[in-house]
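Here is a walk through one protein model, taken a piece at a time. Keep the structure open beside you and follow along as the residues come up.

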Amino acid sequence: MLCVSFKGEATGEVGKERLCGEVEASARCRNSPENEIKLLTAEIERLKNFGCLGVSPSLEGLRDENAKLKYRLNFLQKSLQEERSKTAKSMININSCLQEIFGAAIQAAYPDLENPPLVVTPSQQPKFGDYQCNSAMGITQILLKTKEQKVSPREIAEKISKNIPANECIEKIEIAGPGFINVHLRKDFVSKQLSSLLMNGVQPPAVGKRKKVVVDFSSPNIAKEMHVGHLRSTIIGESMCRLFEFAGYDVLRLNHLGDWGTQFGMLIAHLQDKFPDYLTVSPPIGDLQAFYKESKRRFDTEEEFKKRAYQCVVLLQSKNPEFIKAWELICDVSRKEFQKIYNCLDITLIERGESFYHEMMKDIVKEFEDKGFVQVDDGRKIVFVPGFPVPLTIMKSDGGYTYDTSDLAALKHRLCEEKADILIYVVDSGQSVHLQTVFAAGQMIGWYDPKVTRVAHAAFGVVLGEDKKKFKTRSGDTVRLIDLLEEGLKRAMDKLRDKERDKVLTAEELKAAQTSVAFGCIKYADLSHNRLNDYVFSFDKMLDDRGNTAAYLLYAFTRIRAIARLASIDEQMLRKAAREEVLILDHEKEWKLGKCILRFPEILQKILDDLLLHTLCDYLYELATTFTEFYDNCYCVEKDRQSGQIVKVNMWRLLLCEATATIMAKGFDILGIKPVQRM
């Protein structure tokens, strides 16, 4: 971290010396790159002193050893330089920086205290500084319980304050009330970070080792249309992927399609009856939902059809070419319909449905049997997982597999084949018990250790209508997602025309604004609510350009971008100013905005930890309203009141406008919202 300066030479462990002082690989593994560079440099010097650089043929082996060490040294120096360059450009997480500082202070003040509480939060009011450390009260309780020492929180706060290490971000600290430590940041530190943001762009916070993240989301069923119930998983999952990708993780986006199972028997049987030449002529299945309903009605009412449907399942699962062809035809029709939705919402996924894991299920059953976890119940093979009352059924009495088997196979493949470090299932709350049971079974059988691998269920509530009941059409049917998106486009255009934007925008700009508002508002309305809660879907509310809505934020963004443009300041001029200008933060509104901009990395880190994206929406709304306060109180461009001519451009304030817009643009990108330059 840039904030804390440490002194002292690092030492490294060196292995048993050979003739030329070889450094053992195990010692290298235990050292940081900096320490290894020191060790390797020392070894090369030792080789020089030994005369190993090249005169006598008898010392050929030593020359080889020297070359190896030099190669390793060059590699390490280059890697370290790249890492430092990346870290230097990363935006500093000020909250983490302060936690590091106060963590060191608490450790110095109370070295015998194990895991002391470390609580650093942004201050809610300017009179209490910029941040607060509220650890003293917790330490008071620990000292009383563990050491029977009665010490006042204020006394503890004073001791912590005296041990704060040298740093570049704290201007001063004050102790308030019973023991709150109020932190005031240095203005030159904040100004420097804002300049770095303007010169380097929005860089992700440093998150350490690059990890593999697998996200399971969307997951509609073949032969059924995507409905409003798929909206949340699709939007939330896409946004999570964008966040992890921005943070530098290797992300695999998986669409766990429902593309296998007994329902395909009735669909194939119905296909054979309705389009008997399907093998040579592509069947014109226009409405797959109606096709599904027809086959389901026949399955429920025609006994002969039902028997044939079961036979079709057997032939499909035995990989009969004709039946595989029929299955593929049905899947392709669904894929085309799904892709229309994904194109509208700008969703990227890799399809890996239940059929992908079908061949693995036999081995899953065998593995649980071999490890003694399987019980037989009325012909079924079941697995009880400690702490969960309902067992997993991994094989039915007729020898068929279940969703439990499929989900276990998917879990193992993602952990053991994909080598996921983080595995996230974006699935509705109704599946919580099932998924927790599957995760616990994977842990029980030894596929992963939760201390090493993070397996999480990012659950979400349901979408409600304005009557606070499950969102349905007037006839009581589930709302089709494509209909919802088309209605959004219509309403967005109506809104733009009401504001007479069609009179000032070109046809192309109007179309771009319509798409941006329609799909942006639908996404934001979902993401701005805590995903754990149900939320009411209302076009009127989400298209309102007042309050915490995408419409308000998109309008605010276009206004901010227009400020420099109207002052005839182009991007090149802004870049030059970012290199040369010092951002003055003397006005209280400038200071407030500057600090708000720099909270972006800590907001992202919080979401990486808890997967709650509404925090980003709340932050963007706070940033937009803070900017409005700044703009209302601080002139960016000063004009002559009579002529309207520009008389002065306050460039440092235009840079604050640019920094605000840059952060908003990245926030929109993570949320999957596309702003436009003119609206």
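## Cysteines, rings and helix ends

Counting a disulfide as a pair of cysteine sulfur atoms within 2.5 Å, we end up with zero disulfides here. In general, a disulfide is a covalent bond between the sulfur atoms of two cysteines. Two cysteines are still worth a look for where they sit. Cys-241 is buried, at a relative accessible area of 0%, and Cys-596 is buried too, at 4%. Buried here means under 20% relative accessible area, exposed means over 50%, and partly exposed is in between, using a 1.4 Å probe and protein chains only.

Before going further, some ground rules. This is a predicted model, so local features need a pLDDT of at least 70 and side-chain atom pairs count only at pLDDT 80 or more, while totals for chains, interfaces and linings use all residues. Residues are numbered from 1 along each chain as its sequence is written, and side-chain values use heavy atoms, with hydrogens and water left out.

How confident is the predictor? pLDDT is its confidence in each residue, on a scale from 0 to 100. The protein chain has a mean pLDDT of 87, with 87% of its residues at 70 or more. Two stretches call for some caution. Over residues 1-32 pLDDT stays under 50, and the model has 51 contacts beyond four places in sequence for them; a contact means heavy atoms within 4.5 Å. Over residues 50-59 pLDDT also stays under 50, with 12 such contacts in the model.

Now the overall build. The protein chain has 24 helices and 16 strands, where helices (H or I, at least four residues) and strands (E, at least two) are DSSP runs numbered from the N terminus. Of its 679 residues, 49% are buried. Take the contacts between residues at least 6 apart in sequence, and 72% of them join residues at least 24 apart.

For background, most residues other than glycine have a negative phi. At the start of α12, a side-chain oxygen of Asn-320 reaches to within 3.0 Å of the backbone nitrogen of Glu-322. The helix itself covers residues 321-345, 25 residues in total, and spans 36 Å from first C-alpha to last, close to the 36 Å expected. That expectation is 1.5 Å times one less than the number of residues. After α12 comes Asp-346, again with a positive phi, near 55 degrees.

On to the aromatic rings. Rings of Phe, Tyr and Trp (its six-membered ring) pair if their centres lie within 6.5 Å; planes under 30 degrees apart are stacked, over 60 edge-to-face, and the rest tilted. The structure holds 14 aromatic pairs. In one of them, Tyr-425 and Phe-439 have ring centres 5.1 Å apart and planes at 55 degrees, so this pair is tilted. It links distant parts of the chain, with Tyr-425 in strand β11 (residues 422-425) and Phe-439 in helix α15 (residues 432-444), 14 residues apart. Tyr-425 is buried at 5% relative accessible area, as is Phe-439 at 3%. The rings of Phe-537 and Phe-539 have centres 5.0 Å apart and planes at 85 degrees, so they are edge-to-face. Both Phe-537 and Phe-539 are buried. Elsewhere, ring pairs link Phe-368, Phe-373 and Trp-447 into a cluster.

Which residues does Asp-544 touch, leaving aside its neighbours within four places in sequence? Its contacts are Lys-495, Thr-549, Ala-551 and Tyr-552. Asp-544 sits in the loop between α18 (539-542) and α19 (550-566) and is buried, at 18% relative accessible area. Arg-575, by contrast, is in helix α20 (residues 571-580) and is partly exposed at 47%. Arg-575 and Glu-658 are 83 residues apart in sequence, yet their C-alpha atoms are 10.0 Å apart in space.

Conventions
pLDDT = per-residue confidence, 0-100. Polar contact = N/O pair within 3.5 Å; in protein donor to acceptor, adjacent residues only side chain to side chain.
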